[in-house]
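Morning, everyone. I'll take cavities and pockets, then the aromatic contacts. Have a look at the model while I talk.

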Amino acid sequence: MLCRLGAARRLTGRLCALYTREGTNEHFQEIDSTMGQYQIAMLPGDGIGPEVTAEASRVLQAIGRRFHHTIELAQALVGQAAIEEEGEAISEATMTLCQHSDAVLFGAVGGAGVGNPNARVQPEHALFRLRKELALFANLRPVRPFPALLGASTLKRDVLRGVDLLVVRELTGGLYYGKPSEIREQQDGASAIDTMVYSEAEIERIVRYAFELARGRRKRVTSVDKANVLSCSRLWRRTAERVAKDFPDVELRHMLVDSCAMGLIRQPREFDVIVTENMFGDILTDEASMLAGSMGMLPSASLGLRTTQHGKFGLYEPIHGTAPDITGQGKANPLAAILSAALLLRYSLGLEAEAHCVEQAVQGVVQAGFRTPDIATSGGTTVTTRQMGDEVVRRIEK
Ligand code: IPM
Ligand code: MG
């Protein structure tokens, strides 16, 4: 009988698993072209994007070494960096690279001081194109403050203790994509227009996704809208009601977005899964990141229906932006990017134990008191972006 030793390594472009004959130390190699080899497109982008994704990439490499996987990271330009080098926010070649990868690890693009709001090509277009063309309509933003970081938040510990919520943000519709969207220069003064449009099918798809996720959690969905003002929200609410009938085991409540913004800091423990449209989700998650102490702590996963050999295809990015004010100073917190890499391992590569290992390492690092300036607490040790990465890697390698 052959027993699995568990090692899957890359050999001359092919993979093998190591086996041993029971009771002996004879080893056999079996070629297995489906195991342990993963292809990731890495798009660091602008500002602090390259600094934080460099640490996430070192973490993925450490996971590869510890668990004997071959995780290949192919890097490409995106955002302002791509505009300068390639003339567009994301090139066709980079789009193709992403399409042929198991997942995309993304840093950040654009940001104040980087781009010019009147420029023909905006760095953010890269992100919008990736989300739309890769059909990544579900943006998952989990918020679970680490106990060691409760003191890093501006909110009271008692409010934060036990918070565990998941924002499911619709990512490929609404104001981000509606047309027309333009500034109209007219003789009697300029005017501007943006368009919010949602089809019932788009709403149903994301709400269903949220209900499915709630089934694996505390079975409570809060659907957030502005139904007292917007037609899109009235259709949203009606659709959520209809979808809820297929999930009798999950509780649905509706909340207006302004009330939700207040509820998030008043009683955040009340929330389990929050599902909402694109722009509300963008705003509410910046607010929710304060529950975790800093934007630098919040990861995200953007998923759709497409699957790969190992799991769901997805794009993973910290929720923070390019932070031009601290770029290149070693002050950026890489933990949101590292936790995004953990989500990548979980959802796109189907590697739960490996994802857990990264999350445990991050927990160990914050518990040991290592802090970048954004989460500085008294008694902690202030470290640079690289040192924070080193501490996580060290714990994975143990
Ligand atoms: C986010 C960001 C982006 C968004 C920006 C960079 C366009 O704020 O992912 O939350 O608004 O979606
Ligand atoms: Mg945002």
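**The largest cavity**

Five nonpolar, two polar and two charged residues make up the lining of the largest cavity. By class, Ala, Val, Leu, Ile, Met, Phe, Trp, Tyr, Cys and Pro are nonpolar, Asp, Glu, Lys and Arg are charged, and the others, Gly among them, are polar.

Ground rules, quickly. This is a predicted model, where local features need pLDDT of at least 70, side-chain atom pairs count only at pLDDT 80 or more, and totals for chains, interfaces and linings use all residues. Residues are numbered from 1 along each chain as its sequence is written, chains are lettered from A and ligands numbered from 1 in the order in which they are written, and side-chain values use heavy atoms, with hydrogens and water left out.

Back to the cavity. The structure holds one cavity of 30 Å³ or more. The space in the largest cavity is about 30 Å³. Terms: on a 1 Å grid over the protein atoms alone, a cavity is a set of points where a 1.4 Å probe fits but cannot get out, while a pocket is an open set with protein on both sides within 12 Å along at least five of seven lines; lining residues have an atom within 4 Å of a point. Grid points join across faces, edges and corners, and the volume is the space filled by probe spheres set on the points.

Who lines the largest cavity? Met196, Val224, Asp225, Cys232, Ser233, Trp236, Thr276, Glu277 and Phe280. Helix α7 gives the most, with three residues. β11 (220-225) and α7 each supply at least two. Helices (H or I, at least four residues) and strands (E, at least two) are DSSP runs, numbered from the N terminus.

**Around α7**

Trp236 is buried, at 2% relative accessibility. Buried is under 20% relative accessible area, exposed is over 50%, and partly exposed is in between, with a 1.4 Å probe and protein chains only. Arg237 also lies in α7, but it is partly exposed, at 25%. The C-alpha atoms of Arg237 and Ala227 are 7.2 Å apart, with the two residues ten apart along the chain.

**Aromatic pairs**

Rings of Phe, Tyr and Trp (its six-membered ring) pair if their centres lie within 6.5 Å; planes under 30 degrees apart are stacked, over 60 edge-to-face, the rest tilted. The count is five aromatic pairs. Take Phe128 and Tyr176: centres 5.7 Å apart, planes at 85 degrees, so edge-to-face. Phe128 is in helix α4 (residues 124-133) and Tyr176 in the loop between β8 (165-170) and β9 (178-184), so the pair ties together parts 48 residues apart in sequence. Next, Tyr198 and Trp236, also edge-to-face, at 5.7 Å and 80 degrees. Tyr198 sits in the loop between β10 (191-195) and α6 (200-215), and Trp236 in α7 (residues 231-244), so this pair ties together parts 38 residues apart. Tyr198 is buried, at 7%. Phe128, Tyr176 and Tyr177 form one aromatic cluster.

Charges over rings come next: NZ of Lys or CZ of Arg within 6 Å of the ring centre and within 35 degrees of the ring normal. Arg205 lies over the face of Phe137, 4.1 Å from the ring centre. Arg253 has its charged end over the ring of Phe271, 5.0 Å from the centre.

**The second largest pocket**

Its volume is about 480 Å³. There are 22 lining residues, and Pro142, Arg144, Leu339, Arg346 and Glu359 are the closest to the centre. Domain 1 (1-144 + 294-398) and domain 2 (154-291) both contribute to the lining, so the second largest pocket lies between them. Those bounds come from an automatic or database domain assignment.
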